[in-house]
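The following note was prepared for a colleague who asked for a reading of the model shown here.

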Amino acid sequence: MDTAITRDFADGVYRFWLPMPQVIAAEREMARRDGEGAQIPHSLFAVFHDLGAHLGQLGDETILTGPSPALLSDAHAVIRNALAGGAEGMVNGEDVRTSGTMARELVAVYCYPARPAIHDLGLAWEVLRAAIYGIDPKATGSKKKDGDVSDPPPS
C-alpha cells in the first residue's frame, strides 16, 4: 500500500511523501517545550489528530467546524518535509526534483499568507492520512460515479 500522494500545489503538481527521515525531521520541527524548557518531539499522530479534529468538508471545500488546536507552523512542517520526501514534481510539463531547499522555498512562497490557511491545514491532513493509513492504489486510479462521495476529513 502506498503512503505518498500527488497533488496540485504551488506552481505545479508535486509528490508528497514522508519517509522515516522526514518523519523524524518534522517531529523535531514540531517539538513542544516542557515545563523546564526542554524540547519534546511532537508526534505526527498527535498533529494528525489536531489537524483533523475540526476539519470538515462542504462540497469540495475544506472547512473548520469548530476551534482547532492545530498550529499552522505544524502544517507547514508536514508540507515542507513531505515535499522533500516526495522529491519530485512536474512544472510546466517538465520534471523537477524537490530538494529540502526547494521545499522550503515552495512553502514560503505558496503557503499562507499567499493562500488561505485552511488549504495548508487540509493538505497537511491529507499527507498525514496517507502516511498513517496508506492509499489504496485501486481507489486512486478509479473515477467515481456521479453521486459517489469521497471520504471527507473528520468533522
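What is the mean pLDDT of the protein, and what share of its residues reach 70 or more?

1. Confidence. The structure is a predicted model. Its mean pLDDT is 89, and 89% of the residues reach 70 or more. Residues 142–153 have a pLDDT below 50; in the model, this stretch has nine contacts beyond near neighbours in sequence. Where pLDDT is low, predicted coordinates should not be read in detail.

2. Overall composition. The secondary structure consists of six helices and eight strands. Along the sequence these elements follow the pattern β-β-α-β-β-α-β-β-α-β-β-α-α-α. Of the 155 residues in the protein, 36% are buried. The accessible surface amounts to about 9100 Å², and carbon and sulfur atoms contribute 53% of it.

3. Contacts along the chain. Considering contacts between residues at least 6 apart in sequence, 65% join residues that are at least 24 apart.

4. An open sheet is formed by four strands in the order 1-2-7-8, with antiparallel pairing. Strand 1 (5–9) and strand 8 (94–96) are the edge strands, each pairing on one side only. Direction ignored, neighbouring strands of this sheet are turned against each other by 30° on average.

5. Two bridges join strand 2 (residues 12–16) to strand 7 (residues 89–91) in the antiparallel sense. Within this pairing, Tyr-14 is placed opposite Gly-89 of strand 7. Helix 3 (residues 72–86) packs on the sheet and touches strand 1 and strand 2; the direction of helix 3 makes about 90° with that of strand 2.

6. Asp-11: setting. Is Asp-11 buried, exposed or partly exposed? Asp-11 lies in the loop between strand 1 and strand 2. Asp-11 counts as partly exposed because its relative accessibility is 35%, a value between the 20% limit for buried and the 50% limit for exposed.

7. Asp-11: neighbours. Which residues does Asp-11 touch, leaving aside those up to four places away in sequence? They are Val-91, Leu-106 and Tyr-110. The C-alpha atoms of Asp-11 and Met-90 are separated by 8.7 Å, although these residues are 79 apart along the chain.

Note on methods: Residues are numbered from 1 along each chain as its sequence is written. This is a predicted model: local features need pLDDT of at least 70, side-chain atom pairs count only at pLDDT 80 or more; totals for chains, interfaces and linings use all residues. Side-chain values use heavy atoms; hydrogens and water are left out. pLDDT is the predictor's confidence in each residue, from 0 to 100. Contact means heavy atoms within 4.5 Å. Two strands pair if DSSP finds at least two bridges between them. Axes are lines fitted to C-alpha atoms, for helices over the stretch in contact, and angles run from 0 to 180 degrees between N-to-C directions. Buried means under 20% relative accessible area, exposed over 50%, partly exposed in between (1.4 Å probe, protein chains only). Accessible areas come from the Shrake-Rupley method with a 1.4 Å probe; for residues, only the protein chains shown count as cover.
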